[in-house]
Amino acid sequence: MASVDFMKALQFAAYKHSKQRRKDPDSTPYVNHLINVATILAEAGIKDEGVLIAAILHDVVEDTDTTIQEVEQLFGTDVSSLVLEVTDDKSLEKSERKRLQIVNARNTTKRAKLIKLADKLDNLRDLRKTTPCGWTEERRDQYFEWAKLVVDNLRGTNAIMEEKLDQIFAERSLV
């Protein structure tokens, strides 16, 4: 059963991301992605409440007006440190952020790696189904290639998620 803290995080994330949509043709509400990431973790056997709450909040600092201090105040240091660890620095160019995700993946904590694996798995599942609005097929292919580089630096974290990711990479001949 979900804890009160988990439900508060879900409520907070839903509010903060309420106007955001995914770039799929159906403009799926962004909160669905956050729920998917937490569900992937739970299905992979993760019971660590801090990880599950941080999974729900993993994009809130990066993609909304929320500060890491606000996350810490509402959800504690454990959750805020995990959120910070998986948050890209938006002051950097996109290409540099993507490069740093590859380079830094190996050096993150196991708990942050779990969130990153689940995030990549959900994104790749979506990309497998459809090309986001405004994306070329080439950009979609490049995302798969980039995600594989990130995932390769997260290896040894969770066999269940890694196996599912490997199936997706094998479909695209990225093994």
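Predicted model: local features only at pLDDT ≥ 70, side-chain atom pairs only at ≥ 80, totals over all residues.
Residues are numbered from 1 along each chain as its sequence is written, and side-chain values use heavy atoms, with hydrogens and water left out.

You'll find Arg-22 in the loop between α1 (4-16) and α2 (31-43); helices here are DSSP runs (H or I, at least four residues), numbered from the N terminus. Arg-22 is buried, at a relative accessible area of 16% (buried means under 20%, with a 1.4 Å probe and protein chains only). Beyond neighbours within four places in sequence, Arg-22 is in contact (heavy atoms within 4.5 Å) with residues including Tyr-30, His-33, Asp-122 and Asp-126.

## The largest pocket

The largest pocket has a volume of about 950 Å³. Arg-22 turns up again here: of the 32 lining residues, Arg-22, Lys-23, Asn-123, Trp-135 and Tyr-143 are the closest to the centre. On a 1 Å grid over the protein atoms alone, a pocket is an open set of points with protein on both sides within 12 Å along at least five of seven lines, and lining residues have an atom within 4 Å of a point. The volume is the space filled by probe spheres set on the points, which are joined across faces, edges and corners.

Which helix supplies the largest share of this lining? That's α7, with seven residues. By class, the lining has eight nonpolar, seven polar and 17 charged residues (Asp, Glu, Lys and Arg count as charged; Ala, Val, Leu, Ile, Met, Phe, Trp, Tyr, Cys and Pro as nonpolar; the others, Gly among them, as polar).

## Other spaces

The second largest pocket has a volume of about 180 Å³. Glu-85, Thr-87, Asp-88, Leu-100 and Asn-104 are the closest to its centre, out of 13 lining residues. Here α6 gives the most, with five residues.

There's also one cavity of 30 Å³ or more in the whole structure, meaning points where a 1.4 Å probe fits but cannot get out.

Methods. Helix = DSSP H or I, 4+ residues; strand = E, 2+ residues; numbered from the N terminus. Buried < 20%, exposed > 50% of the residue type's maximum accessible area, 1.4 Å probe, protein only.
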